[in-house]
Amino acid sequence: MLKRILSYLKAEKFFKKEFFPSFIFTIKWLLIAGIVGFLAGSASAFFLVALDFATNYRESNLWIIALLPLGGLIIGWSYHRFGESVVKGNNQLLEEFYNPQKTIPLRMAPLVLFGTIATHLFGGSAGREGTAVQMGGAIADQFTKWLKLTKEDRKILITIGVAAGFASVFGTPLAGAVFALEWLVVGRIRYESILPAFLGAYIADYACAEFWQVHHTHYEIPFVPNIDIPTLLWIIPAGICFGLAGRIFAKATHLWSKAFKTYISYPPLRPVLGGVMVALLVLAMGTTKYIGLGIPTIVDAFSENLPWYDSFVKIFMTSLTLGAGFKGGEVTPLFYTGATLGNALSGVIPLPVALLAGMGFVGVFSGATNTPLACTLMGIELFGAESGIFIGVACVVAYIFSGHAGIYNSQVIGSPKSFKAKTSKGRKIGEL
């Protein structure tokens, strides 16, 4: 009788073809994700401590900003001499995912770490996400040759590295996992890697925050109004502004990069000229609030009235820095742009300033990276679930209104954002 019931329920077929393969898959990737996550989280912990030291040293010794051109020369020469195989950075991770060719050289990790620390030490305007993601991806991909993994397994491995790097550098494991799944193809999520990505992201965050005790900046939205139709409608114009800001940020960075490559043929000299320009701008403005990560200004955006132009100056300084060839991420400057833009919008949009700053914080990020779900989860992890509806709608609207643009030129469009743009499907962001 029992045999007949099992046969009717197709239990034998289920256990043989689905349950046991899934169990083996889970054990396999739990072990790999555990190792990769711990290594990536440890690398992020070291990076964050070194970055904090570099920032504090620069702010205590402002004369060092005058050496930014020299720092640019060192960074540019280092990549020209040792890093031509890894100079594409995050875009290289995307390209290897789409069309696997060869293992990402491990040198990507120390080069981007050194380049980013030097950029911040001498006064460039940059972030940290790109560095953590590249370190995580480079570390993870070494296991491809060590474990002799297949091309499909390698894609999972790169996804784990990206998730681990992102999660550990920001302290957001849910957002890190979803970001790694969402950034690969615009408008699509690859569920093949969902379990390994979540495992790697959590373990990396645990390694950084708990094992190494390297913690992250705390942000707070003290009051969230009740949601109703009028309040919901006010999110739309805010989201549009955040999306346009994300688009401007991405376009400005690519524009500066193209200009430097067009007019300066020798790569090490590009960051030298860029360093001269940034250093002179800092001297002319008489403030360092627009260089480095800008964390103090981001924190202030949640509670104080800031100049309306802060977001635009940050876009200019960061796009110039990165376009010239300095190293670092774009995400923290995107946080800065969004938080200060939200702060400015509080003068015309009747929502609490902290809420608008939080919406902008992740909204501009969503528009520039084409990852609305990851940004929504990040907002919830950083600011609490009470602001979830506001955060989610702002991120989605920003994603739509940023158009087919982004900071990652190698992103492939899986689902166009509008019917009119259906011909863009399958093309790279950088081709449009």
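**Pockets, a cavity and a helix**

Colleague: How do the residues lining the largest pocket divide into nonpolar, polar and charged?

Modeller: Bear in mind that this is a predicted model, where local features need pLDDT of at least 70, side-chain atom pairs count only at pLDDT 80 or more, and totals for chains, interfaces and linings use all residues. Residues are numbered from 1 along each chain as its sequence is written, and side-chain values use heavy atoms, leaving out hydrogens and water. If Ala, Val, Leu, Ile, Met, Phe, Trp, Tyr, Cys and Pro count as nonpolar, Asp, Glu, Lys and Arg as charged, and the others, Gly among them, as polar, the lining divides into 14 nonpolar, 15 polar and nine charged residues.

Colleague: OK, and what volume does that largest pocket have?

Modeller: On a 1 Å grid over the protein atoms alone, a pocket is an open set of points with protein on both sides within 12 Å along at least five of seven lines, a cavity is a set where a 1.4 Å probe fits but cannot get out, and lining residues have an atom within 4 Å of a point. Points are joined across faces, edges and corners, and a volume is the space filled by probe spheres set on them. For the largest pocket that gives about 1,100 Å³.

Colleague: Which helix supplies the largest share of its lining?

Modeller: Helices here are DSSP runs (H or I, at least four residues; strands are E, at least two), numbered from the N terminus. There are 38 lining residues, with Val87, Ser257, Lys261, Leu322 and Lys327 nearest the centre. Helices giving at least two include α3 (68–82) and α13 (310–323), but the largest share, eight residues, comes from α10.

Colleague: What about the second largest pocket: which element gives the most there?

Modeller: That one holds about 440 Å³. Asp52, Thr55, Arg128, Leu293 and Ile295 are the closest to its centre, out of 22 lining residues. Two or more residues come from each of α2 (11–60) and α12 (295–300), and the most, eight, from α2.

Colleague: How much space lies in the largest cavity?

Modeller: The count comes to one cavity of 30 Å³ or more. Its lining has seven nonpolar, two polar and one charged residues, among them Arg128, His216 and Phe361. The space inside is about 90 Å³.

Colleague: Last one: how many of the 15 residues of α5 are buried?

Modeller: Buried means under 20% relative accessible area (exposed is over 50%, partly exposed in between; 1.4 Å probe, protein chains only). Met108, His120 and Phe122 are among the buried ones. Helix α5 is largely enclosed by the rest of the structure, because the buried residues number twelve.
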